[in-house]
Protein chains: 2
Amino acid sequence: MSEVVTFSEDGSGVASPQGFCAVATSADIRNKQSDRLDIGILYSKTACSAAGVFTRNAVKAAPVLDCERVLKLGTPIHGIVVNSGNANACTGEQGIKDSLQMLQIAESSSLSPKDSFFLCSTGRIGDLLPMDRITPAIERLGATIVDGESDGLKFAECILTSDTRTKTCEASFEVEGRKVTVGGVAKGAGMIQPNMATMLAFVTTDIAIESSDLQSALKEAIDHTFNAITVDGDMSTNDTVLALANGESGVSFDGKTSARFKEALFKVCDTLAEKIVADGERITKVVEILIKGAANERDAENIARAIGNSLLVKTSWYGNDPNWGRLMDALGYADAQIDQYVIDISYDDVPALVSGNPVPENKQKWKEVVSKPRFSIAIDMHQGDSVYRLRASDLTEGYVDFNKSE
Amino acid sequence: MSEVVTFSEDGSGVASPQGFCAVATSADIRNKQSDRLDIGILYSKTACSAAGVFTRNAVKAAPVLDCERVLKLGTPIHGIVVNSGNANACTGEQGIKDSLQMLQIAESSSLSPKDSFFLCSTGRIGDLLPMDRITPAIERLGATIVDGESDGLKFAECILTSDTRTKTCEASFEVEGRKVTVGGVAKGAGMIQPNMATMLAFVTTDIAIESSDLQSALKEAIDHTFNAITVDGDMSTNDTVLALANGESGVSFDGKTSARFKEALFKVCDTLAEKIVADGERITKVVEILIKGAANERDAENIARAIGNSLLVKTSWYGNDPNWGRLMDALGYADAQIDQYVIDISYDDVPALVSGNPVPENKQKWKEVVSKPRFSIAIDMHQGDSVYRLRASDLTEGYVDFNKSE
């Protein structure tokens, strides 16, 4: 029996665990007479236990409300339908009807029972879905599944919006000669601020696990991965992370396997979260903000987020300017216990502020650190023992140009 | 006796009320061998009652801490020393010593008693002040005051940082043939988010008023003016609003004059606040966000701020894109009581969403509204009676370019 969790940064992702398939096609949802892949189905013939975490935005898209409904029912799950190009958010009653129709077609065309599918939509808010093109596309996908086809990478492609690349990964470990795999796929790009973002992530696994255990493990993994990243501080109406487990490996989640399963799940979520920040809209840098010595966890998180979402901090990173004064300004309004005269700040391992006093002789070294595409900022508040890690991006002219119209 | 408050959008500002003078010079604080005006004194030979409101940032610059100290002492006030180019923030113990030295020189050179001056600094954070150039500059200013010189516009210029223009205004009214004037001056530009911003504002008046009454009136005026604007959501370490009243008009603040005085004070603060947003760093639009029907005041403010600080909302305004879906997304994470199916949104008077249902036939009209340099967005939450007005700017590529290095 190997203790090792092996890991791959890409691969087929959600289609890798035994018994899962993933298919995609084009419904030209953006109405651009294009054959861009924009709709897909992730499927397991064996019924799955399921877990889900959803946006905390009070304005929730119709498909998010439906996912919450199905998860609450607790019915065995066979798959996920997903489309990009249109979020089906702020679409009133028609949006709810359209969601239910998409699910009904997916379930019937794949020969699956009622309430055995989740639905996710991502893209523009406020437009009705083009159901005349979506309906036949889902019917085609259902037939493809019945034929046993699968292409995890095409599926990873069909969920993208302003992302520039697909995001997949997988982790596996062996238990008495049997292999357990956790596969993942995600999309991100804009509206990326924890809890969560225009972010969709799906995780599949062939371990046998109760839905309640899967929910706990997923929640634990998400808190310090998908929920600890920020691009623009906007939280979307559609954020969804779903996990499905079909048990086909023959290995059960138990005292012997739980640590390795959780490690594999965390690694998959952490890698997808990193890929989301790194592919933020027109960003040039990923900065790890490491807060320690905060009075409590809430303070540590507030401080990290105030810094990671400050426009002035983000633009200075973009300009390779180690403007630690803007860090101090941002942490000062973080609503946390602060004594400005004891704070230490360093860029990677180069001190910028020691006990509230600047170290200007290090200026050239800070500049070198901030000029890198990836670096860390460590801040010790000296108020207690709490820590928080946030991964944030810079803010660029490209982001503004990209988002000034859709 | 006239009931009318007359108003001017510019003029000498703080130097207009009787008995006040304002002077400015260059100390080359930015060390650019330039004669840019960067230090000034506002002065009244007659002792003043005083009021002040300061940043709520937990990281406060040395001069802010000193202003709070002097205000608490309650000593009669004669003036304000102010410099731009360096905020004297995050400067450790030396910063505190430098503040005290600036005050001591201002007081002695203007023949004023100890603790009769306030000090304000604005500009870059984290650098020590060039006291070798500042000391003689303050001495020159002190001598100028004793000679009776005054130039309100030069004073308005010396406090600017990245502002592109001076910001002054004044309001006055007559009481039994005697004229009462309220004059104001401000600087803004970046780090502009209520409570407050890299914002300095000074108000002078020749009415006779107790410090406690002046403090109440100032607080009331600020809440819906300086505290209800946002450019970039960053709150600075140095924000300060100070008011001085010397009584030289011979008119007292009482039951007969209080309404007109408060009206004049509000008008001065409101105009300066508007000028600050309109001169935000490289912005192109000022948008008034009018929330009504919120469950309570806190909700109304949270909703307005979530919208006014959303990068995606701000970039869409810049792009003339009436993307009301982004408004819905932002208000959804505002931490307020929300029912997405009853919300109304309109751009000026053109409905975009009625009871949660889009009105796509108005799309061309929304575009026309959003293409204007000034427009309003009215949102009715239908949850209660509370209202809030926030003035916000767009976010442009110019802002990012401007702030990427200092």
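The legends below describe close-up views of a predicted model. Residues are numbered from 1 along each chain as its sequence is written, and chains are lettered from A and ligands numbered from 1 in the order in which they are written. In this predicted model, local features need pLDDT of at least 70 and side-chain atom pairs count only at pLDDT 80 or more, whereas totals for chains, interfaces and linings use all residues.

**View 1. The open sheet of chain A.** Seven strands of chain A form an open sheet with mixed pairing, in the order β9-β16-β11-β15-β12-β13-β14. Strands (E, at least two residues) and helices (H or I, at least four residues) are DSSP runs numbered from the N terminus; two strands pair if DSSP finds at least two bridges between them. At the edges are β9 (229-230) and β14 (357-358) of chain A, each pairing on one side only. Strands β11 (residues 286-294) and β15 (residues 374-380) of chain A run parallel and are joined by seven bridges. I291(A) has I379(A) in β15(A) as its bridge partner.

**View 2. Helix α10 on the sheet of chain A.** Helix α10 (residues 363-370) of chain A lies across β12 (344-347), β13 (350-354) and β15 of chain A. The helix runs at about 120 degrees to β13(A); axes are lines fitted to C-alpha atoms, for helices over the stretch in contact, and angles run from 0 to 180 degrees between N-to-C directions. Two residues are in contact if their C-beta atoms, placed from the backbone, lie within 7 Å.

**View 3. The two domains of chain A.** The domain assignment, automatic or from a database, gives domain 1 (11-278) and domain 2 (286-403) of chain A. Their C-alpha centres lie 33 Å apart. In the contact, 11 residues of domain 1 of chain A meet 10 residues of domain 2 of chain A. On the domain 1 side, β9 and α6 (258-278) of chain A are the elements that give two or more residues, and α6(A) provides the largest share, three residues.

**View 4. The contact between chains A and B.** Chain B contributes 49 residues to the contact and chain A contributes 48 residues. On the side of chain B that touches chain A, the elements giving two or more residues are α8 (311-318), α9 (324-332), β14 (357-358) and α11 (397-403) of chain B. Among these, α9(B) gives the most, with eight residues.

**View 5. A strand pair in chain B.** Strands β12 (residues 344-347) and β13 (residues 350-354) of chain B run antiparallel and are joined by three bridges. I345(B) has L353(B) in β13(B) as its bridge partner.
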